[in-house]
Amino acid sequence: MSYLFGSQSASPLFRKNGKKTKGQVLQAFSEFASALRDASERYIEAKKAALYGFLAAFAKALSQVPFVRILQAAAPFLTYLVVFKFYLVLHQLIVGGEIEPNTSFLPWLELTIFRCFPHRILAAYSHPVLDVFAAMPYLFHFPLPFLFLFYLAYNRNRRAGLYQYVWIAGWVNLIAVTVQFFFPTAPPWFVDSAVYDGVDQHLISSLPNEAGFQRLDAVLGVPFFHGIYAQSPVKYGAFPSLHVAWPAVILVCNPWISTRFAAVHVAWITWAAIYSNHHFLVDALGGILLALVVHFMATKVWSPFRERVRVMDAKISDHHKQWQFGWRTRTPDHCNV
């Protein structure tokens with residue numbers, strides 16, 4: 001029985017085979033570990049090579065980006081953003097005291113030119129459908145310049161005018177906010193609703209910034225427009241109207257659909273600004289005039305990108321094509337100079 005069922009260590013043959021089996025396992029494990037180490041090293045080296053290749057390609061692509069020209073074109077707009085963002089702080093540092101808007105100049109100018117107040121006439125016919133129709137270009141106002149910028153960058157035939165557009169749009173915004181900084185003017189909603197103390201002319205109450213769009217907030221039951229306009233640091237920036245100036249800039253820089261469509265857009269936002277009591281008509285005309293003047297100065301007098309646009313204009317003039325879009329024949333696909 002001990003021979004049949006004795007301990008395994010009692011069998012010399014088993015001990016010999018056991019030692020041989022353990023040796024094979026150790027050798028196999030060592031070979032596996034070595035192969036795994038080699039595979040890991042090859043994988044790491046391959047990934048390093050791929051990473052270095054990507055970084056080299058990225059560095060090459062980055063070296064081709066004209067950062068100086070981009071910064072030069074965006075400088076006016078970046079300055080505008082700084083002034084707009086820190087409007088109240090800068091006002092305290094430079095001017096000091098509370099912002100006291102001029103409430104008489106724009107009404108006087110409006111009445112002198114038009115012999116009436118167009119915003120009051122339009123407000124007399126307010127309707128929820130018209131409120132929605134007026135809100136549409138206002139909501140599209142914020143992404144509009146950036147969408148047009150992406151369009152210029154995407155369209156190869158329009159890239160020559162990209163820097164010029166950014167330069168013009170930047171100066172329009174910077175000049176407008178500078179005027180609004182040193183000469184703050186009250187919009188119609190404030191002029192028509194402000195109640196002052198009869199003793200020291202201290203402001204007692206006025207309508208909220210959203211003006212006519214408060215009707216939409218009441219219908220929606222959500223202070224959507226109030227949340228937008230309550231955050232604006234420039235409360236008294238009626239003149240000139242940047243709501244109208246932005247579409248006007250696109251209009252003068254050869255718009256993406258057609259000139260007539262862009263003109264309709266300018267007319268639409270002009271009507272919406274007056275109907276909603278955000279601007280006087282002279283504010284809208286001031287925004288259009290500002291866009292025209294800056295465009296003229298940049299294309300006829302001087303800008304850092306004027307010659308680049310001229311060269312591209314000469315290149316594409318030979319294979320100039322007309323194409324029909326809707327109800328207007330459109331011609332050049334670049335910013336005219």
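I located arginine 115 in the loop between helix H5 (105–114) and helix H6 (118–123); helices (H or I, at least four residues) and strands (E, at least two) are DSSP runs, numbered from the N terminus. I noted that the model is predicted, with local features needing pLDDT of at least 70, side-chain atom pairs counting only at pLDDT 80 or more, and totals for chains, interfaces and linings using all residues. Residues are numbered from 1 along each chain as its sequence is written, and side-chain values use heavy atoms, with hydrogens and water left out.

**Backbone entries.** For arginine 115 I read a phi near 60 degrees, a positive value in a residue other than glycine. I then turned to the loop between H12 and H13, where proline 240 is found. The peptide bond from phenylalanine 239 to proline 240 is cis, with omega near -10 degrees.

**H8 against H13.** I looked up the packing of helix H8 (residues 144–154) and helix H13 (residues 242–252): the angle is about 20 degrees and the axes are 10 Å apart. Axes are lines fitted to C-alpha atoms, for helices over the stretch in contact, and angles run from 0 to 180 degrees between N-to-C directions. H8 and H13 are therefore roughly parallel to each other (under 35 degrees; over 145 is roughly antiparallel, 65 to 115 roughly perpendicular, the rest oblique). In the contact (heavy atoms within 4.5 Å), Leu144, Pro145 and Phe148 of H8 meet Trp246, Pro247 and Ile250 of H13. I counted 6 nonpolar, no polar and no charged residues there; Ala, Val, Leu, Ile, Met, Phe, Trp, Tyr, Cys and Pro count as nonpolar, Asp, Glu, Lys and Arg as charged, and the others, Gly among them, as polar.

**H8 against H9.** The axes of H8 and H9 come within 9 Å and cross at roughly 160 degrees. That makes H8 roughly antiparallel to H9. From H8, I listed Pro145, Phe148, Leu149, Leu152 and Ala153, which meet Leu162, Tyr165 and Val166 in H9. The residues of this contact are 8 nonpolar, no polar and no charged.

**Largest pocket.** I recorded about 670 Å³ of space in the largest pocket. Of its 28 lining residues, Phe84, Tyr229, Ser232, Val234 and His243 are the closest to the centre. On a 1 Å grid over the protein atoms alone, a pocket is an open set of points where a 1.4 Å probe fits, with protein on both sides within 12 Å along at least five of seven lines, and lining residues have an atom within 4 Å of a point. Grid points are joined across faces, edges and corners, and the volume is the space filled by probe spheres set on the points. H3 gives the most to the lining, with 4 residues. The lining divides into 17 nonpolar, 10 polar and 1 charged.
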